[in-house]
Amino acid sequence: MKNTSLASLQVGQQGTVTEIEESSPMGRRLRDMGLVRGTPVRCLQLSPLGDPAAYLIRGAVIALRRADSRQVRVAL
(Lines give C-alpha, C1' and ligand atoms only; values in the text may rest on other atoms or scores of the structure.)
Protein backbone atom coordinates (compact mmCIF):
# COMPACT_ATOMS: atom_id res chain seq x y z
CA MET A 1 0.00 0.00 0.00
CA LYS A 2 1.31 3.41 -0.98
CA ASN A 3 0.81 6.26 1.49
CA THR A 4 0.50 9.76 0.01
CA SER A 5 -1.34 13.05 0.51
CA LEU A 6 -4.92 13.58 -0.57
CA ALA A 7 -3.70 16.40 -2.84
CA SER A 8 -1.78 13.91 -4.99
CA LEU A 9 -4.86 11.87 -5.99
CA GLN A 10 -5.73 12.13 -9.67
CA VAL A 11 -9.30 12.27 -10.98
CA GLY A 12 -10.92 8.87 -10.48
CA GLN A 13 -8.37 7.64 -7.92
CA GLN A 14 -9.54 6.47 -4.52
CA GLY A 15 -7.70 6.24 -1.24
CA THR A 16 -8.41 5.54 2.41
CA VAL A 17 -7.62 8.17 5.05
CA THR A 18 -4.77 7.08 7.32
CA GLU A 19 -4.12 10.30 9.26
CA ILE A 20 -4.71 14.06 9.45
CA GLU A 21 -2.08 16.54 10.54
CA GLU A 22 -3.09 17.32 14.10
CA SER A 23 -1.19 20.58 14.52
CA SER A 24 -3.01 22.43 11.75
CA PRO A 25 -5.92 24.74 12.54
CA MET A 26 -7.83 23.09 9.69
CA GLY A 27 -7.36 19.59 11.17
CA ARG A 28 -10.49 19.70 13.31
CA ARG A 29 -12.56 21.13 10.46
CA LEU A 30 -11.43 18.31 8.17
CA ARG A 31 -12.39 15.71 10.79
CA ASP A 32 -15.79 17.42 11.23
CA MET A 33 -16.34 17.00 7.47
CA GLY A 34 -15.92 13.24 7.88
CA LEU A 35 -12.23 12.81 7.08
CA VAL A 36 -11.31 10.34 9.79
CA ARG A 37 -9.07 7.27 9.69
CA GLY A 38 -10.55 4.53 7.50
CA THR A 39 -12.76 6.81 5.40
CA PRO A 40 -12.67 6.10 1.66
CA VAL A 41 -12.15 9.24 -0.47
CA ARG A 42 -12.38 9.57 -4.26
CA CYS A 43 -11.10 12.50 -6.32
CA LEU A 44 -13.94 13.52 -8.62
CA GLN A 45 -12.70 16.63 -10.35
CA LEU A 46 -9.89 19.18 -10.46
CA SER A 47 -10.50 22.81 -11.31
CA PRO A 48 -8.80 24.01 -14.52
CA LEU A 49 -5.79 25.28 -12.55
CA GLY A 50 -5.80 22.28 -10.21
CA ASP A 51 -6.94 24.13 -7.09
CA PRO A 52 -9.43 23.40 -5.54
CA ALA A 53 -10.34 19.77 -6.12
CA ALA A 54 -13.68 18.02 -5.54
CA TYR A 55 -13.70 14.83 -3.45
CA LEU A 56 -16.44 12.32 -2.66
CA ILE A 57 -16.41 11.83 1.11
CA ARG A 58 -19.13 9.78 2.84
CA GLY A 59 -21.63 10.47 0.06
CA ALA A 60 -21.00 14.23 -0.08
CA VAL A 61 -18.97 16.16 -2.62
CA ILE A 62 -16.54 18.51 -0.87
CA ALA A 63 -14.13 20.97 -2.51
CA LEU A 64 -10.78 21.37 -0.76
CA ARG A 65 -7.90 23.69 -1.47
CA ARG A 66 -4.58 22.00 -2.21
CA ALA A 67 -3.03 23.43 0.99
CA ASP A 68 -5.76 21.78 3.08
CA SER A 69 -5.79 18.47 1.22
CA ARG A 70 -2.02 18.13 1.72
CA GLN A 71 -2.70 17.72 5.45
CA VAL A 72 -4.60 14.48 4.86
CA ARG A 73 -2.64 11.25 4.30
CA VAL A 74 -4.28 8.45 2.32
CA ALA A 75 -3.35 4.88 1.47
CA LEU A 76 -3.86 3.89 -2.17
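1. The side chains of T39 and R58 are joined by a polar contact of 3.0 Å. Here a polar contact is a pair of N or O atoms within 3.5 Å; within protein, one must be able to donate a hydrogen and the other to accept it, and residues adjacent in sequence count only if both atoms are side-chain atoms.

2. Before going further: this is a predicted model, where local features need pLDDT of at least 70 and side-chain atom pairs count only at pLDDT 80 or more, while totals for chains, interfaces and linings use all residues. Residues are numbered from 1 along each chain as its sequence is written, and side-chain values use heavy atoms, with hydrogens and water left out.

3. Back to T39. A polar atom of its side chain also lies 2.9 Å from the backbone oxygen of V36. T39 is buried, at 1% relative accessible area (buried means under 20%, with a 1.4 Å probe and protein chains only).

4. Where does T39 sit? In the loop between helix 1 (27–32) and strand 3 (40–46); helices (H or I, at least four residues) and strands (E, at least two) are DSSP runs, numbered from the N terminus.

5. Leaving out residues up to four places away in sequence, T39 touches G15, T16, V17, G34, I57 and R58, contact being heavy atoms within 4.5 Å.

6. On to the sheet: 6 strands make an open, antiparallel sheet in the order 1-6-2-3-4-5. Strand 1 (3–5) and strand 5 (60–64) are the edges, each pairing on one side only. Strands pair if DSSP finds at least two bridges between them; strand 2 (residues 14–20) and strand 3 have 3 bridges, antiparallel, and Q14 has R42 of strand 3 as its bridge partner.

Technical notes. Buried means under 20% relative accessible area, exposed over 50%, partly exposed in between (1.4 Å probe, protein chains only).
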